Amino acid sequence: MSIGDGFVDLRANIDATADGNESFWPSFTDIMTVIVMIFLLASTVLILRNWELVAELRATIVAEREASAQVQSATKANITLEEQLAQAEHQISVMRMWLMQVREENEENLKQLSKKDAQLAAVDAERRQLSDFKVSSQRRIESLEEQFRLVNEQLASLREVHGRQEARLRSTLEELDTQMRENRTQADELVRLRQADEGATRQLADIQGEYDRLKVQYDKLVRPARTAQGKHVVEVRFVKSGGKPKISYREVDRSATLTPVNREQLERRLGRLKAQYGDKLYVKIVIPEDSGLSYSEAWNFTKTLLNRYDYYGVP
C-alpha cells in the first residue's frame with residue numbers, strides 16, 4: 001500500500017500489477033468487497049430507516065388509539081347529552097301538562113268561586129227572606145195565640161154541647177139496639193121466606209118437568225105419529241164406559257156398521273145432513289139398557305139432538 005495524492009490505494013497486489021504480472025482474482029475480490037460493503041451500508045441504512053418507520057407506525061397506532069378513545073369518550077358524552085336533552089324535553093312536557101292542568105283547575109276554581117258567590121248571594125237573599133218570615137211568623141204566632149184562646153173558649157162550649165150530645169147518643173144507641181133486635185127478627189123471617197122461595201122454585205121445576213112431559217104427550221096426541229117411512233134415517237148410539245161418553249153413528253141406508261165419533265164430529269155430520277135433507281131427516285137415538293147413563297143425561301142428549309136435527313123436533 002502506498003500513499004499518492006493524499007488517498008490510500010486500496011487495490012490488492014498493486015505491486016504485482018506494477019511488475020506486469022497482472023492477476024484477475026484480486027481485482028474481483030476488491031470489487032466484491034466494495035459491493036459487500038455497499039450492501040452492508042445500504043442494509044444498515046434500510047434497517048435504520050425501517051426502525052424509524054416502525055417507531056413512527058407504533059406512534060401512529062398509539063395516536064390512533066388515543067383518538068379512537070377520545071372519539072368514544074366524545075360519543076358517550078354526546079349520548080349522555082342527548083339523554084339529558086330528551087329527559088329535559090320530557091320534563092318540559094310534563095311541566096307543560098302540569099301547567100295546563102293547573103290552568104284548568106284554576107279555571108274550574110274560578111267557576112266554582114263564581115257559583116259560590118251566586119250561592120252566597122242566594123243564601124243572603126234567603127237569609128233576608130227568613131228574617132222577613134221570622135217577623136211575619138212572630139206576628140202569626142201572636143195571631144194564633146189569640147185564635148188558640150178563642151178555640152179554648154169554643155172547646156169549653158163544645159164540651160158542654162158534647163155532653164148533651166153524648167146523652168142523646170146513649171138514647172140513640174138504646175133505640176138502635178131495639179132496631180137491631182127487630183132487624184134480626186126480620187132477618188129470620190127473610191131466611192124463612194127464602195127457604196119457602198127455594199121450595200117454590202123446586203115445585204116450579206117439577207111443574208115445568210110435568211109440563212114438558214104433558215107437552216110431549218100432547219104433541220103425540222095432536223101431531224101425526226113420528227115415522228121413519230120416507231125419511232133419511234140416521235142411527236146414533238150413546239153409552240158411557242169408564243165414566244167417559246162414547247157415541248157411535250151410522251146412516252142406515254149407506255152403512256151397516258156404527259162408526260165411533262165424538263160429540264163435535266156427530267154435531268158436524270148431523271148439521272150437514274140437516275142442511276141436505278131438511279124435514280126428511282130422521283134421527284134414531286138408541287140408549288142401551290146397560291148404557292151407564294143417568295136419566296137426565298140420556299134425556300138431555302136425546303132432546304137436544306131431536307130438537308136440533310130430527311124432522312119431528314122442528315117447530
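This is a predicted model: local features need pLDDT of at least 70, side-chain atom pairs count only at pLDDT 80 or more; totals for chains, interfaces and linings use all residues.

Reply: Here is a walk through the nonpolar core and the strands and side chains around it.

Residues are numbered from 1 along each chain as its sequence is written, and side-chain values use heavy atoms, with hydrogens and water left out.

Let's start at the centre of our tour. The largest nonpolar core has 17 residues. Such a core is a set of buried Ala, Val, Leu, Ile, Met, Phe, Trp, Tyr and Cys residues joined through side-chain atoms within 4.5 Å. "Buried" means under 20% relative accessible area, "exposed" means over 50%, and "partly exposed" covers what is in between (1.4 Å probe, protein chains only). Val236, Tyr249, Leu266, Phe301 and Leu305 have the most contacts inside this core. Its residues come from several elements: β3, β4 (244–251), α3 (263–277), β6 (281–286) and α4 (295–309) each supply at least two. Helix α4 gives the most, with 4 residues. These labels stand for DSSP runs numbered from the N terminus, where helices are H or I with at least four residues and strands are E with at least two. In soluble globular proteins, nonpolar side chains tend to be buried together.

Now let's zoom in on one member, Val236. Beyond its neighbours within four places in sequence, Val236 is in contact (heavy atoms within 4.5 Å) with Ile247, Ser248, Tyr249, Leu266, Val283, Lys284, Ile285, Val286, Phe301 and Leu305. Ile285 counts as buried because its relative accessible area is 19%. Setting aside residues up to four places away in sequence, Ile285 touches Val236, Phe301, Thr302, Leu305 and Leu306. Ile285 and Phe301 are 16 residues apart along the chain, and their C-alpha atoms are separated by 9.0 Å.

Next, follow the strands. β3 and β4 run antiparallel and are joined by 8 bridges; two strands pair if DSSP finds at least two bridges between them. In their hairpin, which has 2 residues between the strands, Gly242 takes a positive phi near 65°. β4 also pairs with strand β5 (residues 259–261), in the antiparallel sense and over 3 bridges. There, Ser248 stands opposite Pro260 in β5.

Glu235 has Arg250 in β4 as its bridge partner. The side chain of Glu235 also meets that of Arg237 in a salt bridge of 3.5 Å, N to O. A salt bridge is a side-chain nitrogen of Lys or Arg within 4 Å of a carboxyl oxygen of Asp or Glu. A search of the whole structure finds 13 salt bridges.

What about His232? This residue lies in strand β3 (residues 232–241). At 7% relative accessibility, His232 counts as buried. Its side chain makes a polar contact of 2.9 Å with the side chain of Glu251. A polar contact is a pair of N or O atoms within 3.5 Å; within protein, one must be able to donate a hydrogen and the other to accept it, and residues adjacent in sequence count only if both atoms are side-chain atoms. Leaving out residues up to four places away in sequence, His232 touches Glu251, Asp253, Arg254, Leu273, Tyr277, Lys280, Leu281 and Tyr282.

Rings of Phe, Tyr and Trp (its six-membered ring) pair if their centres lie within 6.5 Å; planes under 30 degrees apart count as stacked, over 60 as edge-to-face and the rest as tilted. The structure holds 3 aromatic pairs. Tyr311 and Tyr312 form an edge-to-face pair, with 5.8 Å centre to centre and 75° between the planes. Both partners count as buried, Tyr311 with a relative accessible area of 14% and Tyr312 at 15%. Ring pairs link Tyr282, Tyr311 and Tyr312 into a cluster.
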